[in-house]
Amino acid sequence: MPERIRFFVLRERRNFSFVELMKKIPRYWITGTAVAVAGVIAARVIAPELKDSHSVYIVVKTLGHLVAFAGIFFIARGISKNTES
Amino acid sequence: MNNIDFIDVIRRLFEGITTLADSPPVLCWTGVGLIILGAVLVFLGKRGILEPLLMIPMGLGMIVANAGNLYLDPTTAIESERIAEARWINSEDRTDVRYFTVQGSPDFAEESKQTDKYIHVKSTDAIAGFLKAGELEIIDAKTQKKINGRVLLQGDLNVEPLVQGEKNLVALMQKDWIQPIYNYAFSNNLIACFIFMGIGVLLDVGFLMARPFQSVFVAFCAELGTIVTFPVAIACGLNYGEAASIAIVGGADGPMVLFTALKLAKDLFVPVTVVAYLYLGITYGAYPFLIRFLIPESLRKVRNKPTKKPIKVTANEKIAFTVVTCAVLCLLFPVGAPLFCSLFVGIAVREAGIQSFIRLIDQVFLYGGTFFLGLILGLLCSARTLLDEKVLILLVLGIFALTVSAVGGIIGGYIMYMLTGRRFNPVCGIAGISCVPTCAKIAQKEISRVAPDVIVLPDALGINISGVITSAIFTGVYIALVPMIGA
């Protein structure tokens, strides 16, 4: 097989396996992690930008923490449900 | 033969007794009390009433710190940076003891009037000069007579906790035997982190992941003492850092208290940590009575709602959960990252099944850390370190925090009892206190007393493990918030 074609085939295989892998990961892992990261971004990135208004800053920071914890909780809940069923 | 002063000979022979007797009465009697307390702790540790791993080295250290007192040689005295504590003792009969008051110090105006008690000097350098010379002749204000005396500083050769000067620190590390371990492993929280790694190796997060809602909810309720004690401590006159440090006692997690106190209240960390560890020893004995008092026997017999099928969380899921949780918590509370890292690395090593690391952490780090923690805490318990006006407040607040947390846990247990349609044993609420695995064992033991066939240990362990993570989160919150509100 020519070198270029072999390269494309390998890349296709890699893509294929990655998609398959993503499909295998239960949805609660992806959703939970995304929610937790969103919470972190709210608490650590967005909130400091709103420091001019102290009350808004506190609200966004607190909400960010709560959302991050909710993400972790979502994963734990998903594992618990998945294993039980 | 007639010229020999026998009293002086005895004093020289028993220097520990002489220094103790030469101390101000409060210091002297506190020292004696601490020696007795140390002996009691060793005895109670040996009998198993208090935690022997901690209490035996701590009790013995306490005895050594208070009995092994001596007058420091002038160089060591100056290096200890406690020059202001030096005192003058008249050479004749050693009954006249005077302290130094430094010009410009807050109490100078008041103290300089008391000429029979204080000798006023321009700066601490002058006291250092007297310490070097050893002798000082003063003129008594009342009799106008010259009295010759010695300038001395009392101390020990164990550890100086508050030395800051680089040169003095290096010098003392060559003199005080435990100073290197104190500086390289204790004051930078390495020991606290080692113990936390050990706790991580002992934890099975599967119990928490099997019942996440009940575990997190009850553990959060059991942090009631951590939340409530903070404003109470401020109302009692403590500053934010000190209030946060004593509030963390409510989480009943020794390494957390040590970590918070070293970060936020360095001057008061010895009493705070000692109070925490003493009370943690007492929780074994006191919580069963609290459970019996707050939960009627009929409710203590309740069986927890069983799951439809047994929940078995795989090691891969536990590791993935550990990775995500550790990363998120570190991103949220970077100041608490050492604690999170230690706990989750322990959990990850356990789940990965790396036996050599498990043995290293479990048998070397955990036990070595606990031993040195106990010993160093004991050696820090000298009368002069503990004799602070705030100690009494700390004693009251410590027991308050632990009691309120226990009550909060039981309230959480009652709420879960209602939410699950009366199929949750409220005794499990006590496991929210993060003393792993003691509180879970206490819950099971108390239930087994009235209903031997009711098993709640898996649920209690889940709540207990969640309690550790929750108290680490609260530590992170306090360490992050206190400097902000204090500024």
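Of the 487 residues in chain B, 49% are buried, a residue being called buried if 20 or more other C-beta atoms lie within 10 Å of its own, exposed if 12 or fewer, and partly exposed in between, with C-beta atoms placed from the backbone. The model is a predicted one, in which local features need pLDDT of at least 70 and side-chain atom pairs count only at pLDDT 80 or more, while totals for chains, interfaces and linings use all residues. Residues are numbered from 1 along each chain as its sequence is written, and chains are lettered from A and ligands numbered from 1 in the order in which they are written.

The C-alpha trace of chain B spans about 90 × 45 × 45 Å along its principal axes. Its secondary structure comes to 24 helices and seven strands; helices (H or I, at least four residues) and strands (E, at least two) are DSSP runs, numbered from the N terminus. Among the contacts in chain B with a separation of 6 or more, 71% are between residues 24 or more positions apart, where two residues are in contact if their C-beta atoms, placed from the backbone, lie within 7 Å. The domain assignment, with bounds that come from an automatic or database source, gives domain 1 (83-152) and domain 2 (189-486) in chain B.

We can now turn to the strands. Strand 6 (residues 146-152) of chain B runs antiparallel to strand 2 (residues 87-90), to which four bridges join it, and Arg87(B) stands opposite Leu152(B). Strand 5 (residues 135-139) of chain B is likewise antiparallel to strand 6, through five bridges; here Glu137(B) has Asn148(B) as its bridge partner. Two strands are taken to pair if DSSP finds at least two bridges between them. Strands 5 and 6 of chain B form a hairpin with six residues between them, and in the turn Gln144(B) has a positive phi of about 60 degrees.

Helix 7 (residues 124-133) of chain B has Ile127(B), Phe130(B) and Leu131(B) as its buried residues. Seen down the helix axis, these fall within an arc of 100 degrees, so they line one face of helix 7 of chain B; the arc is that of the directions from the helix axis to the C-beta atoms. They pack against helix 5 (74-79), strand 3 (97-102), strand 4 (118-121), strand 5 and strand 6 of chain B. The face turned away from the buried side carries the exposed residues Asp125(B), Lys132(B) and Ala133(B). Gly134(B), with a positive phi near 85 degrees, follows helix 7 of chain B.

Helix 19 (residues 337-352) of chain B has 16 residues, which at 1.5 Å a residue should span 22 Å, and its end C-alpha atoms are 21 Å apart, which agrees; the expected span is 1.5 Å times one less than the number of residues. Its buried residues include Leu339(B), Phe340(B), Leu343(B) and Phe344(B), along with Arg350(B) and Glu351(B). Gly353(B), whose phi is positive, near 70 degrees, follows helix 19 of chain B.

Finally, the contact between the chains takes 16 residues from chain A and 20 residues from chain B. Helix 2 (27-49) and helix 3 (54-84) of chain A each supply at least two residues of the side of chain A that touches chain B, and the largest share, eleven residues, comes from helix 3 of chain A.
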